[in-house]
Structure formats: C-alpha cells, structure tokens
2 protein chains.
Amino acid sequence: MAVIRILGIDPGSRYMGYGVIEQEGSRLKLVDANRLVLGNAPFTERLLRIDSFLNEYLQQMQPDEAAFEGIFHQKYADAAIKLGHARGVAIVACARFGLPLFEYSPTDVKQSITSFGHAEKAQVAQMVRILLGVQNAWPVDASDALAIAICHANRR
Amino acid sequence: MAVIRILGIDPGSRYMGYGVIEQEGSRLKLVDANRLVLGNAPFTERLLRIDSFLNEYLQQMQPDEAAFEGIFHQKYADAAIKLGHARGVAIVACARFGLPLFEYSPTDVKQSITSFGHAEKAQVAQMVRILLGVQNAWPVDASDALAIAICHANRR
C-alpha cells in the first residue's frame with residue numbers, strides 16, 4: 001500500500017508549527033514535529049526565516065502533500081494582516097516545491113481529531129498523541145500542525 | 001554622483017503595481033513601471049505568480065533598494081489577510097534578493113509627492129508624471145508604486 005507523507009503547517013508571525021506524518025491505509029505514523037521560533041526579530045527577517053526554513057525542511061522531509069488551516073473570520077485586522085504575511089510566505093514555499101496544498105477550517109481539523117468541533121487545545125494535543133501512538137510533548141503549535149496533517153489524512 | 005535604482009511596490013491580491021526609478025542627486029528618472037495582473041486565478045497560484053515574477057524582475061532590473069507602502073489601520077480583516085499574503089510574498093522575494101527594504105505610510109507617500117496628505121489618486125498620478133518628466137499613462141497601481149519609490153528617493 002502506498003505511503004503518503006503529509007506536512008501540516010500552522011503558520012503564525014511569532015511561531016510556526018509544523019508536523020510530518022505518514023499515512024499507509026488507515027495507519028498514521030509520526031515522522032517529525034516542532035515549531036519554528038520567530039520571536040521578536042524584525043518582521044521581514046521573520047518572514048525570511050520561514051522561507052529559508054521551509055526550503056530546507058521540504059528538501060529534507062520530501063512530503064507528498066501539504067495541509068494548512070484555512071483562515072476564516074479573523075476578528076482583528078492588524079493580527080490578520082501579520083498572520084497573512086507569514087501564511088503567504090509558507091504557502092509559496094510549499095507551492096514552489098510543487099506540493100499540492102489543502103486547506104481545512106479549524107472546525108474540520110478539530111472534528112477529524114476528536115469528533116467534536118469545539119475541543120480545547122489540550123484535548124486536541126492528547127488525541128493527536130493517541131492517533132499517532134506516541135507520548136511526545138510538543139509545543140501547542142506543533143500539535144496543531146499535526147492535527148491539520150491528520151485531518152488531511154482522514155479526508156484524502 | 002552615485003545613481004541609486006529604487007523599486008517601488010504596491011502589492012495587492014488582484015494586481016501588483018511596480019515601478020523602478022533612478023535617483024542621481026535631486027534628479028529622478030523613470031526606468032520602468034507597470035502592474036502584474038493576478039486576476040481570478042486560484043489564490044495560491046496568484047501568490048506563486050508574484051514570487052516568480054519578482055524573482056525574474058529583480059534579476060532583470062537589479063534595483064539597489066525597495067520601498068513598500070506600510071500597512072496601517074486596515075479596516076476589514078478579510079481583505080487585510082489577503083493583502084497580507086500577497087505583501088508577505090513580495091517582501092520575501094525582495095529580501096531574498098538582498099535588497100534593503102523601506103516602508104512608508106500612505107500619508108508619507110502622498111505628502112512627498114504633493115505636499116498634501118489627502119490627494120486623490122488622479123492627482124498623485126499627475127504629480128508622478130511631472131516629477132519624472134514623462135507623459136506615460138499607467139494603471140493606477142503602477143503610478144502608486146512609482147509614488148512609493150519617489151517617496152523613498154526623497155527620504156534617503
């Protein structure tokens with residue numbers, strides 16, 4: 001059975017969560033997950049860091065598909081525009097690499113993990129560990145990125 | 001006297017205005033201006049088009065510095081986030097090329113062109129033509145990009 005390698009990305013302007021899983025039929029396997037710390041560097045430098053990190057990471061990981069959380073109904077224009085910059089850079093890095101990109105709503109992501117659209121972050125993280133059969137304690141951005149990748153695996 | 005080549009960019013999710021001028025002391029010279037039409041292509045494809053256009057254009061034009069309009073006080077989160085994606089991609093393309101980047105507020109840009117912060121788009125375009133000593137009729141995105149480049153030339 002074909003093994004599909006899925007990259008999930010949870011972009012942000014201070015941290016970017018990322019996680020790679022492998023799907024073989026109904027089996028899911030953790031490959032890697034972490035977050036990129038962008039911190040308080042000048043904004044342009046943070047964007048460049050996302051770009052250069054992903055260029056290298058995609059080469060190293062060779063995923064087949066990438067999944068992002070869709071951005072819907074952002075409340076605050078100032079936060080939305082910063083997030084937009086970071087997300088645009090991450091999307092282009094993946095698209096330049098030739099990856100098919102998929103988007104899921106936050107509710108889709110939570111539902112595919114917990115069958116419950118309003119789960120707490122900690123519950124999502126716990127379910128991600130169970131579904132991948134691991135004990136890892138990641139930063140929240142990393143488990144969110146894995147949740148997005150798992151959502152895509154369920155929907156494929 | 002040193003000649004400095006300045007790229008002005010007015011990013012958007014449907015059109016991206018761009019313009020290149022040369023500054024030699026107090027003299028300004030038009031090099032090129034136009035807009036990239038992104039139209040109704042899928043959003044990811046539009047972002048990729050910005051990236052690949054700029055990669056080629058920067059190679060061809062070899063600017064020394066790049067100027068963007070800063071994004072302040074966007075009203076609508078949905079529009080802001082789309083603009084953010086496009087702007088993030090354009091910023092990273094310029095930063096990857098090694099260009100020093102500068103940002104100016106819309107009011108700065110208008111004031112440096114017309115000494116009047118609330119000028120109409122058509123007045124800005126007319127002043128851009130006068131300052132560059134040309135008769136060209138550009139799309140509004142292109143003259144806005146030239147106005148940003150001229151603002152930077154004035155502030156250097």
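Q: Which residues in α4(B) meet which residues in α5(B)?
A: In this predicted model, where local features need pLDDT of at least 70 and side-chain atom pairs count only at pLDDT 80 or more, while totals for chains, interfaces and linings use all residues, K121(B), V124(B), A125(B), V128(B), L131(B) and L132(B) in α4(B) meet V140(B), S143(B), D144(B), L146(B), A147(B) and I150(B) in α5(B), contact meaning heavy atoms within 4.5 Å. Residues are numbered from 1 along each chain as its sequence is written, chains are lettered from A in the order in which they are written, and side-chain values use heavy atoms, with hydrogens and water left out.

Q: How is the packing of α4(B) and α5(B) described?
A: Two packed helices are described by the angle between their axes and the distance between those axes. Here the axes of α4 (residues 121–132) and α5 (residues 140–155) of chain B come within 9 Å and cross at roughly 60°, the axes being lines fitted to C-alpha atoms over the stretch in contact, with angles from 0 to 180 degrees between N-to-C directions; helices are DSSP runs of H or I, at least four residues, numbered from the N terminus.

Q: How large is the area buried between chain A and chain B?
A: The size of an interface is often given as the accessible area lost when the parts come together. Between chain A and chain B about 1,800 Å² is buried, 73% of it from carbon and sulfur atoms, counted with a 1.4 Å probe and summed over both parts. In chain A, I81(A), H85(A) and V92(A) lose the most area to chain B, together 27% of what that side buries.

Q: How many residues does the contact take from each chain?
A: The contact takes 24 residues from chain A and 24 residues from chain B, and 100% of the interface residues of chain A are also interface residues in chain B, so the copies meet through the same surface.

How values were computed:
Helix = DSSP H or I, 4+ residues; strand = E, 2+ residues; numbered from the N terminus. Buried area = accessible area lost by both parts, 1.4 Å probe.
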